[in-house]
Amino acid sequence: MSKNLRIGIAILVTIIIGSITVWELKFKNATSEPTEVTIKEATLPMPEITVYEDEAGFKFNYPAGLTIKEIETDDSTIYSSLELTAPNNEKLNLRITDTIYNNIPEWLQSFEKNNSVTSSKEIGWETMAAKQLTYSSPQRLKTIAIENNIGYSLDSLLDK
């Protein structure tokens, strides 16, 4: 057998084996039954809930793992200023104050004079209309609601 004939036979055998393999894979995939996937709802442990009652006359529920620290101030326009700290040391500030603003657009116009707001969106906060915005560097997240000239704000570092 000549060298060229052996090479030709080797190439022909390779092409035949490759064709059979491709044919089998296509045929097998086309005729195989679909795999049934079962999705189960995740069961996450519910955190223990604690109620915080403030002297200013409001209360809220929060996970028991948080610690709440009252921030004392001499400013008589501040009804309550709280710092909530998670076990991983992330902090959230809640402040309820008298405000000279009648609505969020008035407040936002003043806020934007001193802060670089990068995004904002309308949200609901309990029964109040609110605005959630990101601002500053490093990025912070603030939620603000104003009702009857009382400002409610939550402020924290933005998760990255």
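This is a short tour of a predicted model, stop by stop, for use with a viewer.

The model is predicted, so local features need pLDDT of at least 70 and side-chain atom pairs count only at pLDDT 80 or more, whereas totals for chains, interfaces and linings use all residues. Numbering starts from 1 along each chain as its sequence is written, and side-chain values use heavy atoms, with hydrogens and water left out.

**Whole chain.** Select the protein chain and colour by secondary structure. The chain has two helices and nine strands; these are DSSP runs numbered from the N terminus, helices being H or I of at least four residues and strands E of at least two. From the N terminus on, the order is α-β-β-β-β-β-α-β-β-β-β. Of the 160 residues, 23% count as buried, where buried means under 20% relative accessible area, exposed over 50%, and partly exposed in between (1.4 Å probe, protein chains only).

**β1 and β2.** Select residues 49–53 and 59–63. These strands, β1 and β2, pair in the antiparallel sense over five bridges; pairing requires that DSSP finds at least two bridges between two strands. Show Thr50 and Tyr62, the latter being the bridge partner of Thr50 in β2. Then go to the five residues between the strands of this hairpin, where Gly57 takes a positive phi near 105 degrees.

**Acidic patch.** Select Glu55, Glu70, Glu72, Asp74 and Asp75, which form a negative surface patch. Patch residues have over 30% relative accessible area and no salt bridge, and like charges are joined within 9 Å. A salt bridge here is a side-chain nitrogen of Lys or Arg within 4 Å of a carboxyl oxygen of Asp or Glu. The place of a charge is CG for Asp and CD for Glu. Centre on Asp75, in the loop between β3 (67–70) and β4 (78–85); Asp75 is partly exposed, at a relative accessible area of 36%.

**Loop between β7 and β8.** Move to the loop that separates β7 (128–135) from β8 (140–147), which holds Pro138. Select Ser137 and Pro138: a cis peptide bond joins them, with omega about 5 degrees. Ser136 is in this loop as well, and its phi is near 70 degrees, a positive value in a residue other than glycine. Ser136 is partly exposed, with a relative accessible area of 30%.

Asn148 is not a glycine, yet its phi is positive, near 55 degrees. The residue is exposed, with a relative accessible area of 68%.

Conventions: Patches are made of residues with over 30% relative accessible area and no salt bridge: like charges are joined within 9 Å, nonpolar side chains (Val, Leu, Ile, Met, Phe, Trp, Tyr) within 5 Å. Accessible areas come from the Shrake-Rupley method with a 1.4 Å probe; for residues, only the protein chains shown count as cover. Lys and Arg count as positive and Asp and Glu as negative; His and the chain ends are not counted.
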